Amino acid sequence: MGSNIESIVSVRNLVEFILRSGDIDNTTAHADTDAMQEGARIHRKLQKAAPVGYRAEVPLKTVIVLERGEDSIALTVDGRADGILTEEKNGIQSITIDEIKSTYLSLERIEAPVPVHEAQAKCYAAIYGSDEGLTDITVQLTYCNIDTEQVKQFATAYTVKELKDWFDSVVNAYSVWLFWELDWKRKRDASIKELTFPYSYRPGQRELVGNVYKSISRGRKLFIEAPTGVGKTISTVFPAVWTVGEGKASKIFYLTAKTIARTVAEDTFSLLSANGLKFRFVTITSREKSCVLEKPQCNPKECPRAKGHFDRVNDCVFDLLQNEENIDREKIFFYAEKHNVCPFEMCLDVSTWADGIICDYNYAFDPRASLKRYFSEDVKNDYIFLIDEAHNLLERSREMYSAELVKEDLLMAKRVLTGRSKKLERHLDACNKALLAMKRECEDFQVWDNADDLYNKITRLNTVFQEFLEENTLDMPERDEVLDLYFSLRTFAEVYEKVDETYRIYTDYLPGGDFRIKLMCMEPAAQLKQRLDNTKASVLFSATLLPMDYYKEQLGGNADDYAIYAPSPFKPEKRLVMVGGDVSTKYTRRGEEEYSRIADYIDGFTSVKTGNYMVFFSSYKMLEDVTSVWQPSDGRRVVAQRRDMTEKEKEEFLAEFACEPTDTLIGMCVMGGIFSEGIDLKGDRLTGAVIVGPGLPMVGYEKELFKYYFDDKNGKGFEYAYLYPGMNKVMQSAGRVIRTVDDVGAILLLDDRFLKRRYNELFPHEWFPFETVTAATVRNKLKGFFDGLR
């Protein structure tokens, strides 16, 4: 039995997919001549200045019925023509379709229209000309330099018939992919109807799955506090897949901050596939980790795969899709090598035809890294966001929407470029002097109302810098540093244009003494909300999303968004939570005597049962101070986390925590570090954890800036700047102990502040009731806990 379906594609996406060609080439900075987002203002200005008879932003669409046997697809091709100009010439009406492209490139370098740009305009002309019954029509490309606002135009006259024939050929080429997609979705949806949950439901898990399904179906945001062991990945992925099968969404984005979470997501999709699901998912790995060279050199001179990449990549993608159902990293590399294309760029193209995409937060939220094929336009889409470890998104997004500039980088560029361009040197010097003036007023840390003078100088420097990079080759050891500065200047200008009451501008000195200016995003909520509101639905989940109202507010939620607390599946008798309330890590109490008292607790906690333990400190300094006064003398072995450990050293450290230990191992670690989150030490690989202090960030200028900002806004400066981030680290560190329903473990919290309501009201529900102990009683309490499990 055939299918009759509808499909929609924008003119831009159609031509960029079917008609792209040539090389990958990053040798020209900002080589993408279409700077759509940055040039919106230019578009409006040109449209307002256009002659009488010019209509701006004209919506156009056409529906083409494609047929294959009993199947038919009603394809809607739509878009907005930047302008349509109607003129009378010698009593004859003429029509011109105008396509405006804003660019950072010097217009002298644009000698002819970019083929895909011209193809966009030709599509609009074919649609408009056919609808209006025209015989002839003109296609015009208008390029405008963003910095100078100079304009260059290319106009070509066509008959509507030749444009219509050309347009039909493009659509026919696209139809091959659409019918492949139709066949795949038919198979996929049938498999989803037969799909069942792969496990027996744990307590509360069925309700969690149902809540996720209802939220997605209703197009809402859902915030979930889900303790470790609930099975939050399968509990979000499974209902999301069901909604895709029901046609309520087209694609799932599983967004993570860490590699381990991406691996768990891959394993979950693979598990469902092993149970009969037909669902293509792909993991997007960074360009650096995907590159076949030692470091990315994305140009045809240095990378053979870059040359002609776009001529071959569609064949590569279609080959993979025709022959593979499950797409992993190895298959991406295999087909990329087979067709001699870039694996990173090819993976992005594969994602277009995937049902699920697993990737880092920045591919969805970062203005400089987000995938423009999905998120370039501020329009509503039918994607589902599953945001894992959502507590990490807050700090990450603050950095995404911030920008900084270091004065010494300007001096470096001026030094290495001396003699290459007097004009560029002058503008680098002007920016340096603007920063020097600010530096003279900054003793340690200075907050500024604005940086208008610096911004104006940077915008002029950017124009000159761009022209220089277009005309010169950077054949110098500092090439990467110079390009990094160029992009930092661009980013600084772009962020400065968005600075509002949710930003603070400050200058300070980096540890090495370099002078910095930073545009600090204090609250990313509005920018996150804009992206989240444009999705079908978003599910934000974490084992440490407390307090819930704080995260809802800061992560772009609305007051009426759904929020649930998933109950822990663990039996209370398998977990012991203790608080040692007669010690403190406050700065006023720190000293050898207090460190010895903390060490007594650690000694007692790790001496009752042979096993593996972790002790988490608020800083390396605290770790070193405590270990300087205590080392066990009875065979218990101590290993310590070090600053700047390599990947191999991290793996070796974790490998020490072996199953079925015959001797006791104590790992001394730092809260918020590499071993306090995103590691899985299941079973008896970890017996217990000691948390030394509430993890409050060190007092510093930036943290105090946050404190003052939120004190002014809602009177919760201490909570937002120190307490909530600190307690999140505590909960993440403690969460290393019990990872599966069969695990058993103990947690010891050391600091008198943990006994205060302000702190312990932030404990997860399952930590109550906790036991209050002393160094003298902790052994007996722990012994009784383990004896009771026998």
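P769 is found in the loop between α26 (757-760) and β24 (771-773). Helices here are DSSP runs of H or I with at least four residues, strands are runs of E with at least two, and both are numbered from the N terminus. A cis peptide bond joins F768 and P769, with omega about -10°. This is a predicted model, in which local features need pLDDT of at least 70 and side-chain atom pairs count only at pLDDT 80 or more, while totals for chains, interfaces and linings use all residues. Residues are numbered from 1 along each chain as its sequence is written, and side-chain values use heavy atoms, with hydrogens and water left out.

Another cis bond runs from L546 to P547, with omega near -5°. P547 lies in the loop between β16 (537-542) and α20. A further backbone feature is found at E57. E57 is not a glycine, yet its phi is positive, about 50°. The residue belongs to strand β2 (residues 54-68).

**Packed helices**

Two packed helices are described by the angle between their axes and the distance between the axes. Axes are lines fitted to C-alpha atoms, for helices over the stretch in contact, and angles run from 0 to 180 degrees between N-to-C directions. Angles under 35 degrees count as roughly parallel, over 145 as roughly antiparallel, 65 to 115 as roughly perpendicular, and the rest as oblique. A crossing is right-handed if the near helix is turned clockwise from the far one by less than a right angle, and left-handed if anticlockwise. Contact means heavy atoms within 4.5 Å. Residue classes are set as follows: Ala, Val, Leu, Ile, Met, Phe, Trp, Tyr, Cys and Pro are nonpolar, Asp, Glu, Lys and Arg are charged, and the others, Gly among them, are polar.

Take α5 (residues 205-217) and α6 (residues 232-245). Their axes come within 8 Å and cross at roughly 40°. That makes α5 oblique to α6. The crossing is right-handed. On the α5 side, the contact includes L208, V209 and V212, and on the α6 side it includes F238, P239 and W242. The contact of α5 with α6 has 10 nonpolar residues, 5 polar and no charged.

Next come α9 (residues 309-323) and α11 (residues 343-352). The two axes come within 10 Å and cross at roughly 50°. α9 and α11 are therefore oblique to each other. This crossing is right-handed. H309, V313, C316, V317 and L320 of α9 meet E345, M346, D349 and V350 of α11. By class, these residues are 6 nonpolar, 1 polar and 2 charged.

The pair α21 (residues 592-605) and α27 (residues 778-787) packs at an angle of about 25°, with the axes 9 Å apart. That makes α21 roughly parallel to α27. α21 passes α27 in a right-handed crossing. Y601, D603, G604 and F605 of α21 touch V778, R779 and L782 of α27. The contact of α21 with α27 has 4 nonpolar, 1 polar and 2 charged residues.

**Cavities and a pocket**

On a 1 Å grid over the protein atoms alone, a cavity is a set of points where a 1.4 Å probe fits but cannot get out, and a pocket is an open set with protein on both sides within 12 Å along at least five of seven lines; lining residues have an atom within 4 Å of a point. Grid points are joined across faces, edges and corners, and a volume is the space filled by probe spheres set on the points.

The structure holds 2 cavities of 30 Å³ or more.

| Space | Volume | Lining by class |
|---|---|---|
| Largest cavity | about 110 Å³ | 10 nonpolar, 2 polar, 2 charged |
| Second largest cavity | about 30 Å³ | no nonpolar, 2 polar, 4 charged |
| Second largest pocket | about 1,500 Å³ | 17 nonpolar, 10 polar, 16 charged |

The largest cavity is lined by 14 residues, and C291, C298, C303, C342 and P343 are the closest to its centre. Two or more lining residues come from each of α8 (287-290) and α11.

The second largest cavity is lined by R12, N13, E16, K372, R373 and S376. α1 gives the most to this lining, with 3 residues.

The second largest pocket is lined by 43 residues, with K258, N392, G672, G673 and E677 nearest its centre. α14 gives the most to the lining of this pocket, with 6 residues. Other elements supply at least two residues each, including α7 (259-274) and β14 (503-509).
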